[in-house]
Amino acid sequence: MKVIGYARVSTEKQVKEGISLEAQEAKIKAWAELNDSELIAICRDEGVSGAKADRAGLKKALEAATEHKAALVVYSLSRLSRSTRLTCEIGDKLENAGADLVSISEKIDTTTAAGKMVFRVLAAMAEFERDQISERTKLALHHKKSKGEKTGGDVPFGWDADDSGKLIENDTEQHVIKLIFDEWGRGNSLGSIAKRLNNDGYKTKRGSKFYAQTIKNILNYNKSLLKTAA
């Protein structure tokens with residue numbers, strides 16, 4: 001088996017705690033020797049955060065591992081990345097290239113069936129975490145919308161926002177929304193509705209012309225408000 005090592009430190013404190021670049025490299029060399037593997041190179045990043053995806057040493061290590069279909073060996077997953085999501089992305093990239101990932105501390109070794117299972121569990125936990133974050137975000141936005149508060153981005157057409165972010169009806173724009181729903185209810189196309197509003201001199205929130213997509217966005221937003229109210 002061919003091996004590409006990767007080592008990283010971000011602070012001087014890590015050197016004092018015994019996970020210096022030299023200590024990591026010694027562990028990688030020992031692993032390669034114990035597993036009768038050919039150590040081609042050890043790439044390193046010094047003084048670089050593990051949260052940063054664009055690292056020169058990591059990039060070089062990944063390129064070498066995929067080129068040689070080698071095992072990328074690290075002292076621990078924390079040296080590879082501080083982000084579970086990025087770690088899983090790196091694992092997927094290596095797998096797609098026919099390469100492997102080995103973490104000595106966590107005993108993760110995708111060259112074995114057990115190692116692959118552990119890494120897949122890690123990937124599943126990362127996906128679960130992302131889904132939870134998305135779910136919490138949706139609930140928070142739904143709560144803000146139900147209270148008539150701005151949920152981010154531009155203030156929607158038909159409303160103004162006070163200093164607290166609470167939405168207040170804009171009478172002129174609410175009149176336009178009523179016209180849009182009336183026309184839409186009669187079966188008129190989005191383009192024809194936009195044309196009528198432009199001909200009548202109405203303007204968007206930014207003072208520009210209406211287009212079919214503008215009408216669609218207004219309809220969708222206000223239909224979601226009706227669902228929230230229900």
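This is a predicted model: local features need pLDDT of at least 70, side-chain atom pairs count only at pLDDT 80 or more; totals for chains, interfaces and linings use all residues.

Residues are numbered from 1 along each chain as its sequence is written, and side-chain values use heavy atoms, with hydrogens and water left out.

**Salt bridges**

- Side chains of opposite charge can pair when their charged atoms come close.
- The whole structure has eight salt bridges (a side-chain nitrogen of Lys or Arg within 4 Å of a carboxyl oxygen of Asp or Glu).
- One of them joins Lys 205 to Glu 173, at 2.9 Å from N to O.
- Lys 205 sits in the loop between α8 (190-199) and α9 (212-229) and Glu 173 in helix α7 (171-185), so this pair ties together parts 32 residues apart in sequence (helices are DSSP runs of H or I with at least four residues, strands are runs of E with at least two, and both are numbered from the N terminus).
- Lys 205 is partly exposed at 33% relative accessibility, while Glu 173 is buried at 11% (buried is under 20% relative accessible area, exposed over 50%, partly exposed in between, with a 1.4 Å probe and protein chains only).

- Arg 196 pairs with Glu 183, their closest N and O atoms being 2.5 Å apart.
- Because Arg 196 lies in helix α8 and Glu 183 in helix α7, the pair ties together parts 13 residues apart in sequence.
- Arg 196 also forms a salt bridge with Asp 200, at 3.3 Å between the closest N and O atoms.
- Glu 183 is buried at 13% relative accessibility, whereas Asp 200 is partly exposed at 44%.
- Through shared partners, salt bridges join Glu 183, Arg 186, Arg 196 and Asp 200 into one network.

**Nonpolar surface patch**

- Met 117, Val 118 and Val 121 make up a nonpolar surface patch with about 260 Å² of accessible area together (patch residues have over 30% relative accessible area and no salt bridge; like charges are joined within 9 Å, nonpolar side chains of Val, Leu, Ile, Met, Phe, Trp or Tyr within 5 Å; areas come from the Shrake-Rupley method with a 1.4 Å probe, and for residues only the protein chains shown count as cover).
- Val 118 is found in helix α6 and is partly exposed, at 35% relative accessible area.
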